[in-house]
Amino acid sequence: MSAMAIEGSIRRLLMRTRSPVLALGGGGARGFVHIGVMRVLDELSIRPRAVVGTSMGSLMGAMYLVHGNAQAIETEWKRIMANGVLPVVQQVRMVPRVEKREHPLLQVARRFKNRVVVTFALNRSTVLDGAVLDEVVDALLPDILIEDLPISFTAVATHLETGAEVRLTRGSLRMAVKASSSIPGMVPAKHVDGGDLVDGGVVAEVPVAAARAVGRPVLVVDASMEIPPLGEDDLALDTMMRTQLMTSRLLRDRQLEDATWVIRPEIGHVAWAEWGAFEQMIKAGEEATRSFFGQEVRR
């Protein structure tokens, strides 16, 4: 037996002896990796003692506790995708480089289009009105209280005024997930307990601290985005996005130091709204988890 297999066997034994707190990170469509992770946990009969989630991680965690297994979550997502509920949103990503041999008029047109998109964003409080997020969450989760779930659940959000991390552990399950998933600039903040709350990923893309507050050991699933390769053009938007990702990575790496175990699927190249990567993300989550537990990866 290889060293990796032995280490994975020890992890399985430890988690069966003392159930972990499962901490699910945010990442939009990259969060579908959580289904693959949960699928392997189900196979190994490893049940978390509590679930903590940020943004997409909060939705997936809530679904796991409501439906009980990964297969049911996958079925529910396929159902709403077939109904066309998910929004088609223009990706917020690095501006593509202009081909040096491209006709000058096409270069002008490309830059004009980019300027229109930026102007549109600057003149609206949010890109979406929030109805789409509400519709998706309402379609996937029942209207119940967090207290009605079989085990402890925490949705992590950010207080828009103070910047404090907010841990939602009671009240409406749907509202907690919506608040945790309200991406700043994309959908409006949610008013909860007298405060305006937005996406927990602002301060806790991986909700390690909130998970440690519930108990230990903590098993984290990191679904974060990688910093893209540096382009040849010195564009202001590219620079701003890169530096923001650098700051996020530093904060995330520091938070992950406090986790007991971390599963990192190789999905950092996928943009947050690439919903078509559903199957790819599930497979990546499953493969990363099998490798984590020292199992042979299925191809």
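1. Start with Arg-170. In this predicted model, Arg-170 is exposed, with a relative accessibility of 61%. Its salt-bridge partner is Glu-147, and the closest N and O atoms are 3.3 Å apart. Arg-170 sits in the loop between β4 (165-168) and α7 (173-180), while Glu-147 sits in the loop between α6 (131-140) and β3 (152-159), so the bridge ties together parts 23 residues apart in sequence. Glu-147 is partly exposed, at 35%.

2. Now turn to Arg-252. Arg-252 pairs with Glu-205, and their closest N and O atoms are 2.9 Å apart. Arg-252 belongs to helix α10 (residues 236-256), and Glu-205 to the loop between α8 (201-204) and α9 (208-214), so this pair joins parts 47 residues apart in sequence. Is Arg-252 buried or exposed? Arg-252 counts as buried because its relative accessibility is 7%, and buried means under 20%. Glu-205 is buried as well, at 16%.

3. A further pair is Arg-47 with Asp-42. Their closest N and O atoms are 3.2 Å apart. Arg-47 is partly exposed, at 38% relative accessibility. Asp-42 is partly exposed too, with a relative accessible area of 24%.

4. How many salt bridges are there? The count comes to 20. Some of them share partners. One network formed in this way holds Arg-39, Glu-43, Glu-74, Lys-78, Glu-279, Glu-286 and Arg-290. Keep these names in mind for the helix contacts below.

5. Look at helix α2 (residues 33-43) against helix α11 (residues 278-292). Their axes come within 6 Å and cross at roughly 45°. The two helices are therefore oblique to each other. The crossing is right-handed. On the α2 side, the contact is made by Val-33, Ile-35, Gly-36, Val-37, Arg-39, Val-40 and Glu-43. On the α11 side, Phe-278, Met-281, Ile-282, Gly-285, Glu-286, Thr-289 and Arg-290 take part. By class, the contact has seven nonpolar, three polar and four charged residues.

6. An α-helix has 3.6 residues a turn, so residues three or four places apart point the same way.

7. Helix α4 (residues 70-82) also meets α11. Here the axes come within 12 Å and cross at roughly 165°. That makes α4 roughly antiparallel to α11. This crossing is right-handed. Glu-74, Trp-77, Lys-78 and Met-81 of α4 touch Phe-278, Glu-279 and Ile-282 of α11. The contact has four nonpolar, no polar and three charged residues.

8. How many residues of α2 are buried? Eight of its 11 residues are, so α2 is largely enclosed by the rest of the structure. The buried residues are Val-33, His-34, Ile-35, Gly-36, Val-37, Met-38, Val-40 and Leu-41. What do they pack against? Their neighbours are β1 (21-24), α3 (56-67), α4, β7 (218-221), β8 (261-263) and α11.

9. One backbone detail remains. Just after α2, Ser-45 takes a positive phi of about 55°.

Key:
Residues are numbered from 1 along each chain as its sequence is written. This is a predicted model: local features need pLDDT of at least 70, side-chain atom pairs count only at pLDDT 80 or more; totals for chains, interfaces and linings use all residues. Side-chain values use heavy atoms; hydrogens and water are left out. A salt bridge is a side-chain nitrogen of Lys or Arg within 4 Å of a carboxyl oxygen of Asp or Glu. Buried means under 20% relative accessible area, exposed over 50%, partly exposed in between (1.4 Å probe, protein chains only). Helices (H or I, at least four residues) and strands (E, at least two) are DSSP runs, numbered from the N terminus. Axes are lines fitted to C-alpha atoms, for helices over the stretch in contact, and angles run from 0 to 180 degrees between N-to-C directions. Angles under 35 degrees count as roughly parallel, over 145 as roughly antiparallel, 65 to 115 as roughly perpendicular and the rest as oblique. A crossing is left-handed if the near helix is turned anticlockwise from the far one by less than a right angle, and right-handed if clockwise. Contact means heavy atoms within 4.5 Å. Ala, Val, Leu, Ile, Met, Phe, Trp, Tyr, Cys and Pro count as nonpolar, Asp, Glu, Lys and Arg as charged, and the others, Gly among them, as polar.
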